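Subject: Handover of a structure and the findings on it

Dear colleague,

Please find the structure below, together with its sequence. A description of what was found follows, and I would be grateful if you read it with the model open.

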Amino acid sequence: MVTQVRDSGRPAGLRGQLGELCHSTGLLGSVQRLRSWLRKDLRILAYHRITPLPDPDTYEFDMELISASPQGFREQMRFIKQHYRPMHLSEVAAALNAGKELPADAVVVTFDDGYYDNYQVAFPILRELGVPATFFVSTGHIDSGRPFAYDWLVHMILLSTAERLVLPEINLDIAIPPTRAERRVLAAIVLDCMKEIDALEQSAMTRRLEQLWSMPSDTAPPDCLPMTWDQIREMHAAGYEFGSHGVHHRMLSKLPQEELDYEVRHSRETLDRELGPSMRHMSYPVGGARAFDQRVIETTRGAGFELACCYISGTNPQPHINRYALYRLAVERNMGTGWFAAMLAMPSLMSYPSGSHTELAIRGEACSH
Ligand SMILES: [Zn+2]
């Protein structure tokens, strides 16, 4: 029995209902077989956090980073184990290097950022079910143990006691609304607007707010922290793959070349140092069309990475797979198993379009970028 998640503050909508309907009628198996006969494409799933779904009125961090509840994730992994062929990203790279075709039902499970729940929640489920996965981590955050800057910014906006949010960097000067729901909308707008500006300026803006509001990120509570190297080594020893998500989770296309080189090369060197020289996969931080470009691709290729994932929604048709801009299917917390199954069978119809999960209704009022 599939239960639609309704307490996430975001209803499943038409896609979700259609997905559940197709799943419950048993239609998806036929669709999947027909599709795999017509079209062979690699599906890569993108997750962030796996954690029990919190109450949005009391939760102090970005809800958008929660991809699934532990139970939902278990159902999804069981489903792909039964109906698809989950593969390591390195198996994909090996097949591409050898000019071999991938199975039509190949699915790769990936995680971005490196939150602690990847170890505490996702890892035991993956191991129990025997599903391989690749974790892209921002190495500077694993080194420092500090929270991810975008999540911390959301946290500050949700909890600030200030009356106004003044961010000249993005031409924003607005009264901070009283309710948590309104503050979540404001935070989504700030995140969207700031992704237009230089990445170093983004970091400086967040640091300035930390000081202004006396909310330093080194006082962060444990539920927003990254994994540790010891945890990562344990997962790696159990056969799980790790790749780079940069050093400081900066938008690579928004960096000068020297900083871009550092984010790409230093993250690889750190992974080599901690795990041995085997990991050659990258996921561009943020990952949308604004977050990487040809310069980023060339730098990634030049640093010795074999594959790179972006966060643009889609699948990767064989044999024309773009190794340095692999499309992914984002898994969102309000997806029931039916919607998830329908997304895999009919990706272009049932996946979340990129960038759909920020509410921009009052954006025009709030910033001019
Ligand atoms: Zn990320």
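A residue is called buried when its relative accessible area is under 20%, and exposed when that area is over 50%; values in between count as partly exposed. Please keep in mind that this is a predicted model.

The zinc site

By this cut-off, H245 and H249 are both buried. Together with D113, these two histidines coordinate the zinc ion, at 2.1 to 2.2 Å. The donor atoms are NE2 of H245, NE2 of H249 and OD of D113. Along the sequence, the donor residues follow the spacing D-x131-H-x3-H.

Most residues other than glycine have a negative phi. V286 also has a positive phi, near 70°, and is likewise a residue other than glycine. V286 lies in the loop between β10 and α12 and, with a relative accessible area of 25%, is partly exposed.

The protein as a whole

The protein contains 15 helices and 13 strands. Of its 369 residues, 58% are buried. Among contacts with a separation of 6 or more, 74% are between residues 24 or more positions apart.

The nonpolar cores

The largest nonpolar core has 44 residues, and the members that touch the most others are L45, Y47, F73, I80, F111, L126 and F242. Several elements each supply at least two residues of this core, including β1, α3, β5, α5 and α13. What does I80 contact, leaving aside its neighbours within four places in sequence? The partners of I80 are L45, R85, P86, V107, V109, V131, F340 and L344. A second, separate core has 33 residues, among them I66, Y150, C193 and M205.

Helices

Is α13 enclosed by the rest of the structure, or open? Nine of the nine residues of α13 are buried, so this helix is largely enclosed. Its buried residues include W339, F340, M343 and L344.

The axes of α10 and α11 come within 10 Å and cross at roughly 70°. Because of this angle, α10 is roughly perpendicular to α11.

Individual residues

S67 lies in strand β3 and is buried, with a relative accessible area of 2%. Beyond its neighbours within four places in sequence, S67 is in contact with Y47, H48, R49, I50, V331, E332 and R333.

L225 is found in the loop between α9 and α10 and counts as partly exposed, at 22% relative accessibility. L225 and Y116 are 109 residues apart in sequence, yet their C-alpha atoms are 6.0 Å apart in space. Y116 is one of the contacts of L225, as are Y115, G145, R146, P147 and A220, with neighbours within four places in sequence left aside.

Finally, the peptide bond from Q318 to P319 is cis, with omega near 0°. Most peptide bonds are trans. P319 is placed in the loop between β12 and β13.

Yours sincerely

Conventions. Residues numbered from 1 in each chain as written. Predicted model: local features only at pLDDT ≥ 70, side-chain atom pairs only at ≥ 80, totals over all residues. Heavy atoms only, no water. Donors = N, O, S within 2.8 Å, 3.2 Å for Na, K, Ca; no water. Buried < 20%, exposed > 50% of the residue type's maximum accessible area, 1.4 Å probe, protein only. Core = buried A, V, L, I, M, F, W, Y, C linked by side-chain atoms within 4.5 Å. Helix = DSSP H or I, 4+ residues; strand = E, 2+ residues; numbered from the N terminus. Contact = heavy atoms within 4.5 Å. Axes fitted to C-alpha atoms, helices over the stretch in contact; angles between N-to-C directions. Parallel < 35°, antiparallel > 145°, perpendicular 65-115°, else oblique.
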